[in-house]
Every structure is written in structure tokens, then in C-alpha cells.
Amino acid sequence: MMAVAQPTMPGESRWERVARFWRRAPNSFRIGAVVLLIHLFVAATGPFWAPYGLSQMGTGIPLAGMSWAHPFGVDQLGRDIFSRVVHGAHIVILLSLSGTFLGLVIGAVVGLISGYVGGWIDEILQRLIEALISIPFLVLALIAIAAAGPQLAGQPILIILVVALVYAPRIARMARAAAVDIATRDFVTVARLRGEGAWSVMRRELLPNASGVLLVEFALRAGYAPVLIGSLGFLGFGMRPPTPEWGLMISENRALLIVSPVTVLGPGLTLASLVVGLNLFTDGLARILGRTVRLADA
Amino acid sequence: MTTPSPLLEVVDLDVAYRHGDGWARVLHKVSFRIGAGEAFGLVGESGCGKSTAAYQLLGYRRPNSLIEGGKVLFKGCDLLALERHELDRLRGNRISLVPQNPTTALSPGMRVGHQITEVLRTHRAAPNDAAAEARMIELFRLVGLPDPERVGRRYPHQLSGGQQQRVTIAMALACDPDLLVLDEPTTGLDVTTQEQIIALLIELRARIGLSMLYVTHDLGVLAQIADRVGVMYAGHMVEMAPTEMLFRQPRHPYTRGLIASVPQLEAVGRPTERSLKGLLRRDELPTGCPFQPRCAVAEPSCAGNRQRLEPVAPRHDVACQRWRAIGVPDLAMVKGEAPAVVEAAAIPLLSLDGVTLGYGGARGPLARLLAPVALPVVQDLSFRIDRGETFALVGESGSGKSTVARAVSGLIEPLAGAIRFEGEALPRSVGARSSELRRRIQYIFQNPDASLNPRMRVGAILARPLEIFQNLDGAAIRERIARALDEVRLEAGYAARFPDQLSGGERQRVAIARALVADPDLLLCDEILSALDVSVQASILDLLARLRQEHAVAMLFISHDLAVVRALADRVGVLYRGQLMEIGPAAEIFTPPFHPYTHALLMAAPGIQTERRPPATQRLASAPVAGNKGCVFAGRCPWQVGRLCEEVAPPWQLAGRDLRIRCHIPLDELSARAVWRPDREGPRLAEPVEPSFLPSKSRAAPR
């Protein structure tokens, strides 16, 4: 986010600049950033301070409900749900980010090629992308998991690939739109007149100018990735038990919803707070990138 | 005109914009008044605060602006003190705005007629829908839109720029306002359209007695339309006078510089007074006179003394402590010598022979299947450019000028004909050309905002051609970049800046430097001045003239601005609808005989004349498609010779040493009809030119 051009004031230290940026950032950005930082902190350090192990049984009376010792209650097997949520944080976040990032790389490359090179390549890629987008994303994910076969089932790499597969075509569309727009600018024509190849034009001229769009697109998609991963877990196609993946935990405790609702509420609310935080952050980021801070004649 | 009672009065207006954490003052105690029925012009370079002042008349407040003091009295009522809903009742109704850019001002998804009736409905100016509809049609007729019923059903993108501007004017007039605020309404239009819009505004004033505030950077336009002019510099009003007095006897050194910066058709050389030096630097403003750093006649105390407007003559105020000392200038122009005629070399650097150009439909193979035939934009074009020669191609927008440059650069492939470079056929597409050829032909685009990659520093922008064409490495590149920046009069430190940290003129200098580092033989300059302010234009013109001397580079200079062309070009070709109408040495192009189209262009170009000219190019307004057999200008030509022009292609006639004119009308008659004269006494329309659709009695039918 420091790519945002900040007018440098004379005699200002790096920290003062960051502070000024923070003061002027929209509220959604600040709230989102705080929520995200808490999540990242838990993900990074959680396993070291979680009160119980991730599969430690007999921590309390099963389905005991909320208490100071067990803020999110205890599940059927006597495991502390709060500890499991904390242990699962880095799994959810890592899978989301790496899956979305892979999707971003594939989508950006495909989209830029499609938008800049054009012609038959563009037509073919676009029809392919439309076909992929027309399939509901959950169905697409399930087809991909089924096609991958049983060896890969439940592996983190499969989840990452599935997230990338679902998001790449959507990101590619945005990247293509940006590329088509930027390719009409004169500086691209200037590069072509110099005889620069397509790859060089894409890397030097298109990508830096599309980076704002791509950054927002990445953040937006990353905000929904935990939901996608959670849905897969809930349906039993994601990570395998006893992995403390939040969607899987909701699925495991679903049957106990009436007996002990808090067992579902804990992971559910945590997942929701991550998604809301990511979305607020994205919203603020988009506003910062879209805002032109220019002092000019009105 | 006697002093009218003020309809609007701006008193000591102070406005600041947020700048970082503080506020930067953009208007300093600006005061002016506009009488009922009066047209007041505000002029200055971009960034001087003229638009900011104008928008205060509409009560326009931006979240990052702060009104620090002053009043805007409209019929005695202070607009700045009004509540939002009270303002809403006034603006669009009693005070309305004609914006600079009609394309963005009109809603793209709404029929233009509906946009007008919406204004009427908002202000309850029409009792019912039928009345609103009738009023819309009446308004469209008033602003000279043909076939109002049908135009009203169009979307903005289906109208030309001139028509769109007419729609925004109609919208501004919808509720019979007392005051019209015009913010550079003709800046984005080409000369003939600009002339028509100005003629329309003059006519509207005569018919409905409107007051106007006209904001522009173009003094030539104000000379035609304004009663009084206020000159602004860095947020200060520096001079205010009736238009004629301002042009005859400008007092403030800045006003004089501005007037001297306007490219003149009337004089070949540069005027005696130097055009403006340097640029407005907001960070270096002295506490006293803001113009002091750029002023040639400043004395040290100017920097400290606050300058106040004081009367120098009745109704003529100037804010300069030295006005007595510097006196009244003599605005006589010096006739300079014409640009040296370059001896024709045996083999021209570039020659076009019967070239036909067109665009082959849309992107993508599917679209190409649907629209396989390219529409010719340029037909059968031939000309040559010699080594070191500057050849200018002039014409209105849409005449195919830029298409020619694109074909020479290899961006589009000619449909027919041959383009030769040093006698050898130029490979048709840029991909088929050698790196050496690509280096020798460099293209400079119109708009430096678009031609510089906003995410690259100036140094990186300049380094790229050096890496590709000159095969230089790190230290050599840095040294060469510093030299290139110096050549275009920028400091070496600019290499570390991003394009958006530069002004428009500086950006165009960078674009020129980027073309020059390739060490080209031919520069394609595609309207490179039209996006810039007049004073910046003058400095870029000087720069080009100097670079041409130093590098002996040939130029294909494309422009719609005849004054600029006259200042720079060795030879000129006049293009209309993709066909050359007239071609020859610059000195001869600007003397009679003229091709009728050249003549119309010359008449349309705004110079500085204080005489109000009748709308000379009204005849150019409608452009029926001529039969493709005859002259392309037939139907729009004021001197047309009956049906002959429509049916028979006109012959090339040799006039003078090297001037050729493509017209049926004999040369001596073309000379006789010309009313435009290249001397300063000026383009008065002596007698109206008779329409010659009738078979003429007075002259023998040509051929």
C-alpha cells in the first residue's frame, strides 16, 4: 500500500509520513487494517500461546458451553474450540492468500496477453474464460476436486489450486479490461514504435499501470477466499479432520447446533470477522488508489 | 457601453485549497463586477485561479477548498452565505454554467433532449412535459442545432464535439438565466467549430441580452466576445480594462507577455516584446507582486510590496507599482524575414506518392469478418519532405492529418500508394522495419499526459530509446539523459521525477527529449502544441525552432493552428477530408491567391483583433457529403461554381513559384476574392461574399 504516491514534505521522517498516511486514510481502511493485523497476529503466534493443543481431548466437559476457560465452548470430543480456532487461523489465511495469489498471477498473465495481443488468441481465451465463469464457483470447485482424484483429496495444495482455478478467470477479465484500456494510450504506441516486443510492453508499460486494479482485485478476491475454503470444508471436500480449518469445524459441530450453538458460533464469527475485515480493507484501499490528490486549478 | 449597474459583484474574495496539511491560498482579494448584459472575460495561464473564481459564482464548494473571506453578491444577495437548497434554486436557473468539456458534462446514457427537459423540470420552468419538450426544441433551434426533434433523441456520443457544446449551451440557457458562466467552452474544439460557437455566443448576447463571465486562456477569443477583461496571475487580479483598451494599451508586464505569446497570423516574425519567460512556480511566490520573478521590468521592491489595483485611466485598473515608469507600449509588430527556404535536395528524405489510407474496422477477427472493408480516410496523397525541412500539414480535425503521420510511422498500413524514405520504399508496418529505420523516424504525440508512462520516472522514459537504439550502458545513459534534459531546458534533477510531478509544458519537453535522444532524421509532430497553454506553446515553439537548427532534423508538423504553422514551417500542405487542397512554401500559402478552404481556415483563426467580426464561417457549419466524383470541398465551399465542383474533380493550378492550388476557380479570381490579408490592418470583412450557387454572370465559366 506504500506504492500510493505520497507527496513528500521536506524534513519529514519515514514514520511521520506513515503517520500522515494513516491519519488521512479512510475509516474503512483503518478498521479493516486493524482487524487484519489482529488476524495476522493470531495466525503467526497463535500456536505458541493457545491454551490447549489442536487435537487435545478432555479439556473440559463436552458441549459445556461458554465459560472463561472455554470462550467458544467445548466440542463433542472434549476439545477446546477457541484453541482450535486459534490453531486454524494460519491455515485459513495461508490457504486463502496463496490460492488467491496463484490465481492473480495466472489471471494477470492471461488477461494481459489477451488484452494486448488481441486477435484469435484473445477470442479463444475469452470464450474459455466465459465458459469457466458461467459455472457456479462452488460447482466448478467440486468438479475440479473430483477430477483431481483421491490421492490429492484433503491436501493443502489441492485447495490452493482450486481457489486459483476459481479466481483466475475472474481476475483475467479485469486484467484484460485494464490492458485493453492501457494499450490504447500513446505511451504504448511509443513503445511499439521503438520495436519493443509484446512481453516487454506488457512488463514495462501495462503491468505497472494495471497494478492498482490488480491490487484491489487481489484484496477483494482474498476477502472471499476464506468463505470458499470454508464452504469446501463444510461440504467435506476441503481439508480433512482433525485439521482445525474453520469451515470444517462448523461442519463437524453442525449436528450439535441445537445442543450447543456456541460450538458453531465461534468459528463462524471468526470467519466472518476475517471476511469483513478484508473487505473493509479492500474498500479503503480502492478509495485510496482511486483518489487523486492533486492541487490544481478547479 | 456606459457603466451598467452591477448584476454581480465579487468583493475581495479569498479562497484556499488544501495542500498537504495546510492551506494554499489560490485567490487573493479578487474583486470584479459584471453589469447586466455585460460580457466579462477572465484570462490567465492555467493554475492562475480563474476557474476557481468563476466557480464561486455558482456557489461551488469543494471539500478541499476553503473560502477565507469576501463576498459574491448576485443582485445584492451573497451567494457564499446561502444554504444549499437556496443555492439549488439559483444555479442552473438564474446563473448557469457552460462547462469546458461537453463530453464529460453530458450524461452518456441519457438522450440529450431528456437532459434538457430534466433541467426544466428540476426548476419547474415548464408546466408540463409537452411544454418542456417544446421549450427543448426551441432551445435547440436557438443554438443552431439542425433538426431539433431528431437531435433531441440522440445520445451524446452520436453528436460531434461542436454539437455537444451547443447542447450544453442550450442546457445553460434553458431557464433564461441572467448570468452565464463559461469555463473555456471552446478549448477542446477545433478552429472552425470554435469560431461557430463564438459566433453563436455573440449572436445569443445580441438576442437575449445575457450577462457572461467567460473564462479562458485564449486572449484571441476574448478579443471577439468580451466587453471587459480581467487578467489574473497566481490568484491576483493584475489588470482590468475594457477589451479594446487592454489590447491597445496593456499596462501590466504580464498582460503584455500574454499578448506577445499569442501566435500571430498577421506578422511573420515574432513581436517586439518577448513572450513570457519561465513558468508560474507557486512555491517561489514573493510576498509582494507574484509576477516579480518572471518580470523583465521588476525592481527589487516589487517583491516586497503588495500590489493593489489602481486606476490608470477611466475603467482601466492595473496592479503594478511601476506602471508609470514602463509607460504604454507600442504594439507595432516587426516584420521578420520568412523562414529560409531549404534548397530542394535531389532525393527527398520522405516522399508520399498517391497514398491512400484507411482504418480496417475493429479489433479482433470476428469484428473484421463483419466489417472487412477499410474506409479510406486519406485519398491519393502525394508530397515530399527534404532533409532538414519542416513540412506542415494543416486542416480541421477529421481531415486525416494524424492518419498520415501514423502511416509514415508504420502504425497503419497504406491501402495503396508508396511511402519512400531516402528513395527506398518504407516497409509498411513498424514490425517489418529495421531498428535503424525505427530510430530515424520518431513520433511526438499530441498529449504528453498520454504519451508518457505515468509509472515511469523521466530518467527511465528517456533511457529506454537509448538502450534500444544506441546500445549504451549505465553511465553513458545517465550522461546522455542529462544532456537531453538540458537540450529541452529542463534541469538534470527532473530525471528522478514522475510525469505527474511536471507541468503540461514540461511533460511535452520530456516527450520531445525522448524523440531526440534517438537522434532521428524525421520527427513526426502530431498536434504537439494543442494541449498546451499559449505561453507554454510559445516556449515550445522557440525550442523546436532551435532544435531544428542544431540537429538539422526534418519535421512533419501536423497542426490545426495556422499561426503556429506560419511561425515554424518551410512548406505547408492544406488537407481537407483526406485530400490536399493547396500545397506550397509557407510564405506563399499565406498570401493570395488562396484556396477557398485555406481562406475559410484563415478567416476562422482567432488572432487579436478587437473588431467584432461577423460570423464568417457560418457557411462552414453544414457539411453535406459531396459526391465523390467532384471536389471534396464542394457543398461547403463559399465560392462554389455551381454543379461543376460537385461533378468534376478540380485541377491542380500552379500559382507562383511552387504553390499549387486544387480548384476550378481561376487564380486571379481567387486572388480577387480573398479578403484575408496578411498585414495587421487586418481581416475586416469588406463586403459579404456572395453565395455563388447561381451560374455567375460576372465571370466566364472556368474551363
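Predicted model: local features only at pLDDT ≥ 70, side-chain atom pairs only at ≥ 80, totals over all residues.
1. The expected span of a helix is 1.5 Å times one less than its number of residues. H20(B) runs over residues 534-551 and has 18 residues. From its first C-alpha to its last, the helix reaches 25 Å, close to the 26 Å expected.

2. Which residues of H20(B) are buried? They are Val534(B), Ser535(B), Val536(B), Gln537(B), Ala538(B), Ser539(B), Leu541(B), Leu544(B) and Arg548(B). An α-helix has 3.6 residues a turn, so residues three or four places apart point the same way.

3. What do the buried residues of H20(B) pack against? Three of the partners are helices of chain B: H11 (253-261), H19 (504-516) and H21 (562-568). The strands E15 (390-394) and E20 (554-559) of chain B are partners as well. After H20(B) comes Ala552(B), with a positive phi near 50°.

4. Now the contact between the chains. Chain A gives 23 residues and chain B gives 32 residues. On the chain A side, helix H4 (119-134), helix H7 (186-193) and helix H8 (198-235) each supply at least two residues. The largest share of that side is six residues, from H7(A). By class, the side of chain A that touches chain B holds ten nonpolar, eight charged and five polar residues.

5. Backbone geometry deserves a separate look. Most residues other than glycine have a negative phi, and most peptide bonds are trans. In chain A, the bond joining Pro241(A) and Pro242(A) is cis, with omega about 5°. Pro242(A) sits in the loop between H8 and helix H9 (246-253) of chain A.

6. Asp12(B) has a positive phi, near 45°, and is not a glycine. The residue belongs to strand E1 of chain B, residues 6-19. Is Asp12(B) buried or exposed? Asp12(B) counts as exposed because 12 C-beta neighbours lie inside 10 Å, and a residue is exposed at 12 or fewer.

7. Lys75(B) is another residue other than glycine with a positive phi, here near 50°. Where is Lys75(B) placed? Its place is the loop between strand E4 (65-74) and strand E5 (77-78) of chain B. Lys75(B) has 13 other C-beta atoms within 10 Å, so this residue is partly exposed.

Notes: Residues numbered from 1 in each chain as written. Chains lettered and ligands numbered in written order. Helix = DSSP H or I, 4+ residues; strand = E, 2+ residues; numbered from the N terminus. Buried ≥ 20, exposed ≤ 12 C-beta atoms within 10 Å, placed from the backbone. Contact = placed C-beta atoms within 7 Å. Nonpolar A, V, L, I, M, F, W, Y, C, P; charged D, E, K, R; others polar.
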